[in-house]
Amino acid sequence: MKHLLKLGDLSPEELLHVLDVADELKRLHRAGQDPKLLEGKAVALIFNKNSTRTRTSFEVGIYQMGGLGTFLNAATELQIARGEPIQDTARVLGRYYDALVYRTYRQSEVEALARYSGVPVISGMTDYGHPLQVLTDLMTVREKLGGLEGVRAGFIGDGYNMANSLIVGCLKAGMSITVACPRGYRPAADVLRFAAGYGGRFRLTSDPDEAAKDAQVLFTDVWISMGMEREAERRRRDFAGFTLDAARMALAAPGCLVQHPLPARRGEEITDDVLEAHAADIFDEAENRLHVEKAVLAILLAGY
Ligand code: CP
């Protein structure tokens, strides 16, 4: 693994290796023994979109590993915001930093950063995918359910970055997944082509109850992602009926796990009572972002 740009680039073995390293680093952290794997190393955290979890968990994780993390606001502070091309930014930052994390809109920008910087690049989320979040979700599901092979997952919501990465991640991990999106909000075409190779382990529907039925883990995400604010009214109309609520949870397998990448919009994609009933698992998921990010850095920069 040279970069983490999208889950489609990882073999199933590489994906499971990230989870194994994350489990080990979590165990060591709990024991007060964070290995200083990033001593003398610097990581740039380049954000073109808001973040609470990704930014802070990277900053804390890099600190725990003995390295330096620098937050760079690409929306207001870097010269990118004034038109400096990504390939020039990449060639400069690649000479200072040992790795770059980039959260932005277009997947092609993250790919360009990787092509020109000469150092490992990690996607911090794009419109196409959220690989760190889905690795975290898989880590959490494995932790809670004891394994991934054969687990039945459902996703209810927008066929956007989370759905794209979940489809790829779940299928590579040996799970099955049913994705329910309103018509007109389907996942990316290349992801659907990939999923078609997995036969009955993948199903796409516009009926959210179908995704919930017999699921052992249910995922959802916001209907109005960053940059979509102008579409808010239309989206709320189009997603009406796609809320993860108690009635829908009753269709799932007993003890069904609920995962949400956060931030959540209570009353839209998930009701307050469902979120609060599953808060322990959802905030364990948020904690696991830290361990997964440390694992990715350990693999990319310390040869784990
Ligand atoms: N889930 C997630 O990526 O959270 P942030 O947007 O707060 O980083």
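**Basis.** I worked on a predicted model, where local features need pLDDT of at least 70, side-chain atom pairs count only at pLDDT 80 or more, and totals for chains, interfaces and linings use all residues. Residues are numbered from 1 along each chain as its sequence is written, and side-chain values use heavy atoms, leaving out hydrogens and water.

**Cysteines.** I searched the whole structure for disulfides (cysteine sulfur atoms within 2.5 Å) and found zero. Cys170 is in none; its nearest cysteine sulfur, in Cys256, is 12 Å away. I then looked up Cys181. Its sulfur is 13 Å from the closest cysteine sulfur, that of Cys170, so the gap is too far for a bond. I also checked burial (buried is under 20% relative accessible area, exposed over 50%, partly exposed in between, with a 1.4 Å probe and protein chains only). Cys170 is buried at 0%, and Cys181 is buried at 4%.

**Asn288.** I placed Asn288 in helix 12, residues 279-302. Helices (H or I, at least four residues) and strands (E, at least two) are DSSP runs, numbered from the N terminus. Asn288 is buried, at 0% relative accessibility. I listed its contacts (heavy atoms within 4.5 Å), leaving out residues up to four places away in sequence: Lys26, Thr136, Met139, Thr140 and Glu143.

**Backbone.** Most residues other than glycine have a negative phi, and most peptide bonds are trans. I noted a cis bond between Leu262 and Pro263, with omega about 0°. Pro263 sits in the loop between strand 9 and helix 11. Met125 has a positive phi of about 120° and is buried at 9%. Asp214 has a phi near 65° and is partly exposed at 38%.
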